[in-house]
Amino acid sequence: MKIRIWGKHTTILSTFVLLAATVLLAYPGGMSKSNAAERLAALTPQSEQIRAEAERRLADMTLEQKLYQMFVVTADQLSGAPAFTVADDGMRGKLGERPVGGVIFFAQNLVSGQQTSEMLKNLQQYGKEASGVPLFLCVDEEGGRVSKIGRNSQFGVKKIDPMADIADAGQAYEAGAVIGGYLRELGFNVNFAPDADVLTNPDNQAIGDRSFGTDAGRVTECAVAYSNGLHSQNILSTFKHYPGHGGTVGDTHDGCAHTDKTYEELMGNELMPFRAAGENGVDLIMAAHISAPAVVGDNTPCSLSHRMIAEILRGDLGYEGLVVTDALNMGAVAENYSAAEAAVLAVKAGADLILMPADLDAAFMGLHQAVRSGEIPESRIDESVRRILCAKLCME
């Protein structure tokens, strides 16, 4: 069994629910608080051991090593190859030079089951050699139209219907378990799924049938069940796209997307799934590049907003898991901020993982200079790396 440990104040339920999906496959909604309480005593010693080991390793890391752990980059970006498919000694050297925390893969990197398994196995070995902890090996594999593997006939896996076609939490759990099963077999450990957006704008094409629907309660129930299905296969889950992309106008891939909703309106609808994430053991939340001027006061993307991440997600919603930005090379960010500016703002906002910066070296140097100058306290870096190390130690 795997235990996922987050911050200093992990709740009874968020500590245990991650195990419940592995033990009781018949209960897609997770276990009750009373059952969790009965198991707390057995879980706490291991939890404390993991925290202590994370602290020991953190104390031995240089600032440079800590900063690299906060980056998740594409395989192509790290390798310099346009369609990376083979992890050889050249990649071992590149990971030694830039020991990033994770790598994300796209369709061009995934040719067949044998090729992908060998590539990921070698990468994981090189990553552990470089940093002493596992790499986050990531993919967007939601089901439906966002299925890098499921839509490739060379893998021969079961295709999962769009989330809009999922009937109930039981089917959502099965979808997560099926996808988690073939991801685990291939060697992945992080899925940037499920989509936890409430589809409140029927004209929204960026999300559409990727959402479980228009009702926040149903979306929450199905997203939690899907997450538990992934956990049954020891795959980390991600709720996206905080604070909710289902009611926005525009697409952050191409440029700005925004919501005009107030804080109260978001809390009553789009934020409901993200409020439930912590107590249901969701491992990551992906912060989107959506602007929410009625909440923030300007058009700063939520992924770079201290108000949206540190104050609302961490503070008001109580989430203590990992926060990953959406890809920072997307138009909404890349057209308005340099790679260094975006990375610095994301960390100051409260993000733990920086996904796909437009320029890794520039983003790294921007963060390095911000810490050295005192703009970002090193204790803030330690806060994120501590979460990262705990999550990774739990995967070993």
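This is a predicted model: local features need pLDDT of at least 70, side-chain atom pairs count only at pLDDT 80 or more; totals for chains, interfaces and linings use all residues.
The protein has 16 helices and 12 strands. Of its 396 residues, 60% count as buried. Among contacts with a separation of 6 or more, 77% are between residues 24 or more positions apart.

Helix α14 covers residues 339–349, and its buried residues are Ala339, Ala342, Ala343, Val344, Ala346, Val347 and Ala349. The spacing of such a list can be read against helix geometry. An α-helix has 3.6 residues a turn, so residues three or four places apart point the same way. The cover over the buried residues of α14 comes from several elements, including the helices α12 (306–316), α13 (331–334), α15 (360–373) and α16 (378–395). The strands β11 (322–325) and β12 (354–355) also belong to this cover. Just after α14, Gly350 takes a positive phi of about 125 degrees.

The axes of α14 and α15 are 7 Å apart, and the two helices pack at an angle of about 50 degrees. On the α14 side the contact is made by Ala339, Ala340, Ala343, Val344 and Val347. On the α15 side, Ala362, Ala363, Gly366, Leu367 and Ala370 take part. Of the α14 residues in this contact, Ala339, Ala343, Val344 and Val347 are also in the list of buried residues.

Helix α15 also holds Phe364. Is Phe364 buried or exposed? Its relative accessible area is 7%, and because buried means under 20%, Phe364 counts as buried. Leaving aside neighbours within four places in sequence, Phe364 is in contact with Glu64, Leu67, Tyr68 and Phe71. Arg98 is 266 residues from Phe364 along the chain, and the C-alpha atoms of the two are separated by 9.8 Å.

Next come the aromatic rings. The structure holds four aromatic pairs. One of them joins Phe105 and Phe188: the ring centres are 5.9 Å apart and the planes stand at 80 degrees, so the pair is edge-to-face. Which parts of the chain does the pair of Phe105 and Phe188 tie together? Phe105 lies in strand β2 (residues 102–105), whereas Phe188 lies in the loop between α7 (169–186) and β6 (190–191), so the parts tied together are 83 residues apart in sequence. Phe105 is buried, with a relative accessible area of 0%, and Phe188 is buried at 3%.

Phe212 and Tyr226 form another edge-to-face aromatic pair, with 6.4 Å from centre to centre and 70 degrees between the planes. Phe212 lies in the loop between β6 and α8 (216–231) and Tyr226 in helix α8, so this pair ties together parts that are 14 residues apart in sequence. Both Phe212 and Tyr226 are buried.

The loop between β6 and α8 is also the place of Ser211. Ser211 is buried, with a relative accessible area of 2%.

Lys392 lies over the face of Phe136, at 4.8 Å from the ring centre.

How values were computed:
Residues are numbered from 1 along each chain as its sequence is written. Side-chain values use heavy atoms; hydrogens and water are left out. Buried means under 20% relative accessible area, exposed over 50%, partly exposed in between (1.4 Å probe, protein chains only). Helices (H or I, at least four residues) and strands (E, at least two) are DSSP runs, numbered from the N terminus. Contact means heavy atoms within 4.5 Å. Rings of Phe, Tyr and Trp (its six-membered ring) pair if their centres lie within 6.5 Å; planes under 30 degrees apart count as stacked, over 60 as edge-to-face and the rest as tilted. A charge sits over a ring if NZ of Lys or CZ of Arg is within 6 Å of the ring centre and within 35 degrees of the ring normal. Axes are lines fitted to C-alpha atoms, for helices over the stretch in contact, and angles run from 0 to 180 degrees between N-to-C directions.
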